[in-house]
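Visitor: Could you walk me through this model, starting with the terms you use?
Guide: Gladly, here it is.

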Amino acid sequence: MTQFFQHKLRLRPFPAGYHLITEEIEDAIPEIAQIKTGFLQVFIQHTSAALTINENADPTVRKDFQTFVNELIPESYPRFIHTYEGPDDMPAHIKASFFDTSLQIPISGGKLNMGIWQGIYLCEFRRNGGNRSLILTAYGN
């Protein structure tokens, strides 16, 4: 019989950058341990932050992500017209669209089945993004 579990996770505010949040997610939905085979969907309820999976060991990878994406989509782009929420807002919306609003991760034997060097990132694109909310939905047998 397929089981479904869902929780809302409200993350503390993070500065702009790429932040490992794998542990926070695992802690927020302990029912994963009850699923032998299934999936966890992680959905972020925001338009100026995103999610991705990448390197979990070397923090310079996250710094390089930030450097590259900020150069690719600079705040100083002169043609933005959506500027009344600050110079980092429109670039944050575009950056968020380059990444994902949701991730689907396999669950095997009651654990997330990611590669040994993989972790879940919160991609925070605003300097003062505030708390971010995630909807976590685990399902399987």
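Guide: Let us begin with burial: buried means under 20% relative accessible area, exposed means over 50%, and partly exposed lies in between, with a 1.4 Å probe and protein chains only. This is a predicted model, where local features need pLDDT of at least 70 and side-chain atom pairs count only at pLDDT 80 or more, while totals for chains, interfaces and linings use all residues. Residues are numbered from 1 along each chain as its sequence is written, and side-chain values use heavy atoms, with hydrogens and water left out.

Visitor: Is Arg126 buried or exposed, and what is its relative accessible area?
Guide: Arg126 sits in the loop between β7 (118-124) and β8. Contact means heavy atoms within 4.5 Å; leaving out residues up to four places away in sequence, Arg126 touches Pro15, Ala16, Ser48, Glu85, Asp88, Asp89, Ala92 and Arg132. Arg126 counts as buried because its relative accessible area is 14%.

Visitor: How many helices and strands does the chain have?
Guide: Helices (H or I, at least four residues) and strands (E, at least two) are DSSP runs, numbered from the N terminus. From that end, the elements run β-β-α-β-β-α-α-β-β-β-β. The chain therefore comes to 3 helices and 8 strands, given how such runs are defined.

Visitor: In what order do the strands of the open sheet lie?
Guide: Two strands pair if DSSP finds at least two bridges between them. β3 (residues 37-44) and β8 (residues 132-140) pair in the antiparallel sense over 7 bridges, and 7 bridges also join β3 to β5, again antiparallel. β5 and β6 pair over 2 bridges. The order of the 5 strands is β1-β8-β3-β5-β6.

Visitor: Which strands stand at the edges, and why is one side of each left without a neighbour?
Guide: The pairing in this open sheet is antiparallel. Each edge strand has a single partner strand, so one side of it has no neighbour in the sheet. The edge strands are β1 (3-11) and β6 (111-112).

Visitor: Which residue in the turn between β5 and β6 has a positive phi, and of about what value?
Guide: Ser108 stands opposite Lys111 in β6. The two strands form a hairpin with 2 residues between them. In that turn, Gly109 has a positive phi of about 60°.

Visitor: How far from Lys95 is the nearest side chain of opposite charge?
Guide: Lys95 is among the buried residues of helix α3 (residues 89-98), and the buried residues of α3 pack against β4 (49-55) and α2 (59-72). Lys and Arg count as positive and Asp and Glu as negative, with His and the chain ends not counted. A salt bridge needs a side-chain nitrogen of Lys or Arg within 4 Å of a carboxyl oxygen of Asp or Glu. Lys95 has none, as the nearest side chain of opposite charge is Glu75, at 5.4 Å.

Visitor: What share of the chain is buried?
Guide: Along its principal axes, the C-alpha trace spans about 55 × 30 × 20 Å. Of contacts with a separation of 6 or more, 83% join residues 24 or more positions apart. Among the 141 residues, the buried share is 43%.
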